[in-house]
Every structure is written in C-alpha cells, then in structure tokens.
Amino acid sequence: MENIYFLMIIALVILAIADLVVGVSNDAVNFLNSALGSKAVSFRTIMIVASIGIAFGAIFSSGMMEVARKGIFVPGEFYFNEIMIIFLAVMITDILLLDFFNTLGMPTSTTVSIVFELLGAAVAMALIKIGTANGSFGDVLNYINTTKATEIILGILLSVVVAFSVGAIVQYISRVLLSFNFERKAKWVGAVFGGFALAAITYFIFIKGLKGTDYYAEIKPLIEGKTMMIVAVSFVIWSLLSYLVVTLFKMNIYKIIIIVGTFALALAFAGNDLVNFIGVPIAAWQSYEAWNASGIPATEFSMDVLSKKVPTPTLFLVGAGLIMVATLWLSSKAKTVVKTSIDLSSQEDTKERFEPHFLSRNLVKFTMLASEYTSTIVPDSVLKKIEDQFKKPVIKLAKDKKHELPAFDMVRAAVNLMVASVLISIATSMKLPLSTTYVTFMVAMGTSLADRAWGSESAVYRVAGVLNVIGGWFFTAIVAFIASGTVAYLIHLGGPTMIAVLLLLAVLLLSRNYIKHVRESRETRTEDSLSKAESSSIQGVIEESADNISKALKRVGKINSAAIKGLISQDPNKLSKAKQSVVKLENEIEDLQNDIFYFIKDLDDSYLGASKFYIDVIGSLQDVAQSSGLIAKKSHKHVQNHHKALKKKQTEELLTINDKLITLFKDISEVFDSRNFDKIVPEIIESKKALLEEVKLSIQKQVERTRESDSTSPKNTTLYFIILLETKDLIMACINILNLYYDQHDHSN
C-alpha cells in the first residue's frame, strides 16, 4: 500500500511541473501586458526583468504554502488516504482547466481555480465521510473553512469593480494633466509623476512581494503601522531621484517606471501565486513524510500535522523558479494570452476577436447617453481644454512599419502598473483575498476606457471581450468546484485504476490541445494567407492583389474539390473541414475590406485610381469565396441530415465540371504568379466561357431529368441546382477578376 502513495507523490510532482508551465502561460499577462503593449523597452529587456522578478519571488514564497495545507479545509478532519485523494483530484483538474483557458487565449485566475478546486475536492470527500457515517449534510461545515471561501467570492466581485473604476479615474486624471504629448511637459512634471508611481510600486514590493514569506518577520517592525510615513518619504526620495535622472542623465522616467513596475508584479506573481502551482504537491509530500514516519495505517492517520507551520525546502522553490522562467521564454501560449489583453486595451485599430452581444451594446449605449448628459452640464471652456489634452499626436510611419506602433503609450503603461500595485498592496494589508489576474486585467481595461481607446468603432467589441473574460472567471470557479469534486469521487470509487485512467486522460487532452495550438499557430503563418495592400501606386496594387488572387483561387480549388468529393462519398468530416477552410478565407477577405478605409487614406493623390481597382478586386474575391462557401455549407448540411446521395449522372457531371474548374484555377494562378497577363485573353477567358456553357448545359439536363422522372428527390434536386448555380456565379466572378486585370494591364501598356 505504501508503494501506491509513493507513486501518487511521483504523479503529483509531474503534475506540478506541468502545472507550472500552463500556470505561467496563463499568468504572464499579469506582469507583461503593460511593458509589451507600450513597447517602452525591448522585448529582451522586458523578459530579463520579468525573469529576475520571478526568480526572487519564487525564493521568497515559502510562507505562502500554508494556503494549500489549511486555508480552505480543516486538515484534522481528514485521514492521510483521504487527503491524498483531495490533492490528486485538485492537481489533475487544475492542469486541465488552465490549459483549456490558455488554448482559448483567455486570461483566468490561478488563485481562484486552485481555491475552488481545493474546496470542491474537500466537499466531495467530506460528503463521502458523512454518508459513510450516516451524518447530516450540515456536518460538511465541520470540514470546510466556509469563512475563507466567502471572503474569496466577495474579493472577486470587489476586485473587478474597484480595479476597473480606480484604473479609469487615475488614468483620466493623469491624461488630463499630462496629455498625449507628455514628453514635452516640463521636467519637474515627469519627476513628480515618477515620484508617485515609484513610491507606490516600492511599497507594493515590500508589502505584497514579501508579506507572508519567512523574510517578512525581520522587516515587519520597520513597516507595519507606518504606511503613510513610508509612502511620503518614498515619494520625496523618488521625486528627487526622478528629477536627477531626467535632468542629468537625460533618461526617460516613464521607461524606468515600467521596468520597475514589471519587476514588482513579476516578483509578486511568483511570490504569491507559486502556491497555486506547487503548494498542493508540497503539502502532499510533507503529508507523506509525516505518515511514513508514524507507522500508523493511512486510513487512521489524522492530518493535524498540516495545521502546523512547516517551511518549504528552498531547493523546491529554486527548481520551481527555474521552470517558471524557462516557460516564460518558451511558451507560445503565454504570448496568445498576453495578446488578448493587449488587443482589448489597444489605442489603435486591431482585428476584434469578440463579437458584440445584447449586453455589450446596451452598456455602450448607456455610457454614450451618460457622456452626452455630462457634456451639457460642464462648461464649454473646460470641455475644450480637456479635449485638447486628449488630442493624439500623428505618428507617420511607413506602411511596412505600422506593426511597430505601441498598443498604448508609456503614461498608460505606468498607470497600469502603479494602480495595480497600490490596489494589491492595500488589499494585502487589509488581509483581503485578491487575485492578481483580476486586478491587473481590470485596471488595464479601466485605463483603456478612460484613454478613449474604446471609440464608437470598437467599443461594442471591446466591452463584449471584457464581459467574456469576466464571465470566464466565474465559469472557472464553478467548473473548478464541480470538476474537482467529481474527480475526487471517481478516485474514491476506482482507486489506483481510476487514478491511472485519469492521468492518461490528462496526458491525452494536454497533448491534443498542444497539437491543436501548434496547428492553429502554423495556419496563421501559412503562405496562402491573404495580405493587405501596402502600395500607394496602381502598379503596386496590381502586383500585391495578383498574389492574393493566386492564393485565394488555389484555396478555393482545394475547398471546392473537397466539398464535391465529400458530397459524393457522403463524408461529413471532409465537408466540415471544407466549410471551416472557406470560413477562414471569408474572414481574411473581410479583413481586407475592413482595411480599405486606411488604404484609401494613405494613397497618394496621383494614384487615386488604384482605390477603385482595389475595391473591385476585393469585391470579386468576396463573390468567389461566397459561392464556394455556399457549396460547402449546403453540401455539409445535406449529408449531415442524411438526405439521398447524388445520382450517377449528377456525380459524373459534377466531377467533370470540378476537374475542369481546378485546371482553370491552376492556369489562372500560374498567370498571376508569373504576372503574364497577356495570356488572359483569349486563352483563359475563352476556357472560362466554355466551362460556363457546360455548367448551363448541366442545369438544363437536370431540368429535363426532373420533369421526366418521378423518383427524383426534391432535396437532391435542390442541392444540385444550388451547386451548379453557385459554380456559375463562381466562374462569373473569376471572369470579372480576369477582365479587371486585363483591362488595367492593357491600359498600362
């Protein structure tokens, strides 16, 4: 029996390593968002600073491990065999839940997930014990620390509202005082701002970064009860130092604030959130050591030992810190999660990831009405001065350099770090449970709103994104509780066999998510992805659009072929893939359409004719994609509903048309790849017209077959007509593209 528990410890250690990887991927957004979004310093510098912060935080995190031992449940009420089931259920659930959110690119709270997993598994085990002893449901309160759970739930609600509100207010005041031209302000202005920000962040490092660690006891007499004095002295010292740095060394104080703030949040993350990843395995290891030394059977050994303070071996902390730093540098999922937060707070136009819904539209509408009402009661002179402070400087960059623009400026990045630091410090000093993820994310969203990053063009999308993320947080708590309790119950029923099954399932799901993430990342970098126009001349637009047409037609040829063959073979999987491919193509063409405004704005006056040509090309490409999409979607629906397969003659006609269509797509792609537009007429145009006549003939044949036969299926006939008509539209759209290019090429010659 001892061997089983030892194997469980090994499994927990492996799960802890995996949990560190997925946990850092999720929580990297907490301390990287502001620095990466502002592009204040190089990516390498940001990563080095964050890595140092994580390393220090990991070493200082020993005292925080108490949460996993006794923060949620009463350890003395459980025996060793029961506590091991709780810990294993928590780790299996945690790693799967966090990886699920990372794959979606959604930031969630590791603190909330681990707390509710501990709560769910402990409740499940308590109910099992109560059921065995024929006790009442109310006895569960003897096993669970209900006060702590209530505090955490209230802390979640409070942190979401307060962090968003305070972030918005501080950012609004900062922008009104500093404006977007903050670098032109007097040097003392930047120095005072630096004094405030660095004083707040310094206090945060001491209070949040060190409190709860073994090292805090040594400096406790110097800090506690002297908050105002420490902050005041820090403000004076930092303001003077900031002024010297700005005047003597000509350094940018905002960059220094961002570097120090990034270090502080990384320190706090590792120092306080490390318990979320390795707290449970370490508690399990210490439980195993105590039980092994006692000689008492596992079913009789009470876990009162977890109620005592036990130091965590420094070697474990150093190892965990190294894994976290390595993950920070290597994880692509970390970049995905960070991108979500940066996109939602970006000052510039980005591709919106979230679709607006009823709630987001009505919140935006209410805010706009409130803004209109406020403008009627504030004097016009005051409004004008405020508007002047919010005027953004025009930054002229070459089109191929536009991706180098920061998502927001250094003032907003500094406010993000400063406000998050202050709020987390205050909550910690008041002993309120708080999630660093919730605070940092909601502060970033509040500053975005105040900075007018959410304009009328993007507000409904950004608000929908924020609401989706918040909903995901509460979803985390509910799912963590239920899933962990379920896993604990399954382990109790199945024993070692069930543990093996669950671990295998965890490995399979993690592998599947990893492979899916790699595949999706690869697809976004595929050679066939359509690219936005960068040229401002008609010749440049012809060249760039030729690449898009070639890529699009190659993809349409593959999609059409997959759809027709999938329909003939009645293969829903092949049709589903074709449908997904065409949706991706339609989205890329929609992105090109959304970029038309900026394309026209950047055109030189002498090349305005390029805009009409570009618009016509994109319109025809959209027609091609829509026709191909309708063929794939209707075919998929037909097969999925188990309607009758195509008749032999229909199959033969479709395959003949499809083969000729693929050949023509290939010929057109070669023309556009080689830029040999002289071949368009008469060769390709004539081939297209011949194929068009063949499609029309097939339509006529089907009309005759329908009139002559009584056994023809209505669903079958309708689908066949749709495919032929859409193929006809597809060919016509291609002819339009060819005519556009031939006319423009002929005109140029």
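The questions and answers below set values against definitions.

Reply: This is a predicted model, in which local features need pLDDT of at least 70, side-chain atom pairs count only at pLDDT 80 or more, and totals for chains, interfaces and linings use all residues. Residues are numbered from 1 along each chain as its sequence is written, and side-chain values use heavy atoms, with hydrogens and water left out.

Me: What is the average pLDDT of the chain?
Reply: The chain averages 78, and 79% of the residues score at least 70. pLDDT is the predictor's confidence in each residue, from 0 to 100. Over residues 397-403, pLDDT stays under 50.

Me: Why is Thr262 called buried?
Reply: Buried means under 20% relative accessible area (exposed is over 50%, partly exposed in between; 1.4 Å probe, protein chains only). Thr262 has 2%, so it is buried. Thr262 is found in helix H10 (residues 253-294).

Me: Which residues is Thr262 in contact with, leaving aside its neighbours within four places in sequence?
Reply: They are Phe31, Ala35, Val49, Ala50 and Leu417. Contact means heavy atoms within 4.5 Å. Val49 and Ala50 are also among the buried residues of H2.

Me: What makes a space a cavity or a pocket?
Reply: On a 1 Å grid over the protein atoms alone, a cavity is a set of points where a 1.4 Å probe fits but cannot get out. A pocket is an open set with protein on both sides within 12 Å along at least five of seven lines. Lining residues have an atom within 4 Å of a point. Grid points are joined across faces, edges and corners, and a volume is the space filled by probe spheres set on the points.

Me: How many cavities of 30 Å³ or more does the structure hold?
Reply: It holds five. The second largest cavity has a volume of about 70 Å³. H22 gives the most to its lining, four residues.

Me: What is the volume of the second largest pocket?
Reply: About 1,100 Å³. Thr367 and Met368 are among the lining residues closest to its centre. H13 supplies the largest share of the lining, ten residues.

Notes: Helix = DSSP H or I, 4+ residues; strand = E, 2+ residues; numbered from the N terminus.
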